[in-house]
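Dear colleague,

I am handing over the structure that you will be working with, and below it you will find a description of what was found. Please keep it open beside the text as you read.

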Number of protein chains: 2
Amino acid sequence: MSILVVGSVAYDDVSSPSGSVKGILAGAATYFSLAASYFAQVRVVAVVGEDFGPEQENVFRNRGIDIRGIEHAKGRTFRWGGTYGENLNEAKTNFTELNVFEGFQPRIPEEYQDTEFLFLANIQPLLQADVRRKMNGVRLTGCDTMNYWIQRAPRELAETLKLVDVLLINDAETKMLAKETNLPRAANKVLAMGPQALVIKHGEYGATIFFREGAFGIGRHPFRAPTLPIEEVTDPTGAGDSFAGGFMGYLASQGEVNREVLKRALFYGGVMGSFAVERFGTERLQSLTREEIEARFQIFRELTHLE
Amino acid sequence: MSILVVGSVAYDDVSSPSGSVKGILAGAATYFSLAASYFAQVRVVAVVGEDFGPEQENVFRNRGIDIRGIEHAKGRTFRWGGTYGENLNEAKTNFTELNVFEGFQPRIPEEYQDTEFLFLANIQPLLQADVRRKMNGVRLTGCDTMNYWIQRAPRELAETLKLVDVLLINDAETKMLAKETNLPRAANKVLAMGPQALVIKHGEYGATIFFREGAFGIGRHPFRAPTLPIEEVTDPTGAGDSFAGGFMGYLASQGEVNREVLKRALFYGGVMGSFAVERFGTERLQSLTREEIEARFQIFRELTHLE
């Protein structure tokens with residue numbers, strides 16, 4: 001089935017203990033769509049500048065991603081620069097140039113109207129809500145956000161949360177959104193805001209999905225999928241978006257979205273996130289095989305499987 | 001089977017967002033022995049001062065713990081005071097009074113010589129090695145340490161690590177000990193220092209056990225047991241020692257120590273750690289039932305169990 005992501009395409013300058021790169025293709029929609037492309041037909045709505053050409057288009061096209069929704073605007077593409085220290089958990093932002101992304105007004109091509117799965121990457125909550133309302137036929141909507149919107153646009157975000165099925169955020173964002181430090185209690189507060197399920201990403205420790213009572217079948221227990229860095233962690237940028245791509249992509253690849261499917265999707269999210277961080281930018285996500293993906297799924301499954 | 005713990009008994013003053021308590025019975029050996037007491041016959045070697053009397057002895061005796069190895073010295077018992085902020089991950093130490101613990105020279109009662117399992121809680125590595133050498137008949141030795149010894153007594157610690165079977169430390173300690181930030185690689189470096197297995201405690205995310213090639217059976221994949229705070233986290237003090245108590249206690253309760261037993265022990269470690277933090281000090285560990293422990297084991301098992 002098809003999946004549409006709305007979000008940023010960017011050029012990043014990244015420094016980490018493994019080295020430095022400049023002007024590499026990045027952005028939430030890029031990481032997401034490459035990760036999801038191993039599971040489903042992916043469509044992208046984003047905006048790029050005049051510095052985005054055939055070379056970058058081919059990164060998407062080589063993975064069969066539909067980029068008719070990428071709008072070309074006058075000016076430069078969104079640019080970001082960051083440095084990771086030894087612990088690799090948080091980047092120091094060196095610069096942010098919004099450029100053409102500043103006036104981003106997502107336009108959904110007519111041909112995308114039949115998309116079944118929607119992912120609203122981290123953009124202004126009002127824009128997320130607007131896109132969601134325009135895509136009335138979607139079966140399931142995933143959504144990301146960040147501290148910035150939780151603090152600066154709480155009312156807009158509250159409206160958006162009523163329109164999404166699965167929210168994917170990290171521990172700190174969950175606690176901030178819920179104003180509550182106990183994670184399961186914070187999760188329940190966030191679920192009361194609208195989503196049927198909440199995926200909390202724990203970085204190198206995996207992710208936990210919490211369900212609304214009765215959502216996606218019976219039961220109320222949360223579920224955790226672990227991860228483990230298998231290779232060197234070179235560049236953590238895009239790990240969360242790659243996680244979302246694996247998670248949403250796997251859902252879109254299945255006939256039905258039930259709890260067992262959501263649990264496996266959580267593992268695939270961890271798998272794609274763990275691949276993404278092995279090289280700078282999207283390099284690793286551009287040339288994976290389904291065999292490599294399945295092999296890592298098995299490693300992560302065995303990591304917590306009790307006989 | 002029997003298990004001996006050598007470590008500290010203390011009185012703690014603790015402040016957390018849940019409240020404040022003063023002079024409560026604590027210390028690594030206390031948390032460890034109470035947690036382990038639900039699985040095996042526990043024996044303690046520690047030192048206390050003149051402020052330790054029948055009331056405190058009864059906390060151990062009520063759980064059937066053998067305290068003939070607790071030495072009574074002149075002076076006051078070890079005291080520690082700490083404050084936890086909102087994130088609860090790290091305490092700010094307000095004071096440390098070593099008191100009688102400063103000159104602690106572990107003496108093993110003759111009656112303890114037949115103990116099968118040994119846990120060396122966090123004390124000077126030279127003392128740990130000395131105890132281990134005196135206990136030649138033990139089947140398996142677990143060991144804890146901390147940043148302080150990794151930095152101040154690296155050579156003594158290296159000697160101790162050659163004498164232990166399972167080392168239980170946290171993420172930061174593992175990376176510091178291995179001088180390596182990638183966790184699986186750091187784990188392999190630590191295993192090369194001596195232990196057959198390394199348990200890395202991830203706090204609220206559970207723990208991972210890494211095995212030396214060929215140790216405890218075939219296979220080389222690590223294993224992760226998750227945790228999740230079920231109730232309020234009131235006082236994180238002693239979570240690691242309670243984890244160790246559940247882990248070592250479960251091992252001591254089994255006939256054979258193989259990989260499947262070690263995996264389940266990792267879950268029981270998480271279970272006992274999660275109970276410990278629900279109340280101040282050792283309150284929750286004093287009055288558990290095996291039914292409560294098994295129920296939580298099942299919750300944690302289902303937390304990552306894929307059909």
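To begin with the cysteines, A:C143 counts as buried because its relative accessibility is 0%, where buried means under 20% relative accessible area, exposed over 50% and partly exposed in between, with a 1.4 Å probe and protein chains only. B:C143 is likewise buried, at a relative accessible area of 0%. A search of the whole structure finds zero disulfides over all chains, a disulfide being a pair of cysteine sulfur atoms within 2.5 Å.

Please note that this is a predicted model, in which local features need pLDDT of at least 70 and side-chain atom pairs count only at pLDDT 80 or more, while totals for chains, interfaces and linings use all residues. Residues are numbered from 1 along each chain as its sequence is written, chains are lettered from A and ligands numbered from 1 in the order in which they are written, and side-chain values use heavy atoms, with hydrogens and water left out.

How are the two chains related? A rotation of 180 degrees with 0.0 Å of shift along its axis superposes chain A on chain B, with an RMSD of 0.0 Å, the copies being superposed by least squares on the C-alpha atoms of residues with pLDDT of at least 70 in both. That is the relation of a two-fold axis. The same surface serves both copies, since 100% of the contact residues of chain A recur in chain B, contact meaning heavy atoms within 4.5 Å.

In chain B, strand β6 (residues 78-84) is mostly covered, with six of its seven residues buried; strands (E, at least two residues) and helices (H or I, at least four) are DSSP runs, numbered from the N terminus. β6(B) pairs with strand β2 (residues 10-16) of chain B in the parallel sense over six bridges, where pairing requires that DSSP finds at least two bridges between the strands. Within chain B, B:S15 stands opposite B:T83 in β6(B). β6(B) also pairs with strand β7 (residues 91-97) of chain B, in the antiparallel sense and over six bridges, and B:W80 stands opposite B:T96 in β7(B). These two strands, β6(B) and β7(B), form a hairpin with six residues between them, and B:L88 in the turn has a positive phi of about 65 degrees.

In chain A, A:D12 lies in strand β2 (residues 10-16) and is buried, with a relative accessible area of 4%.

With best wishes
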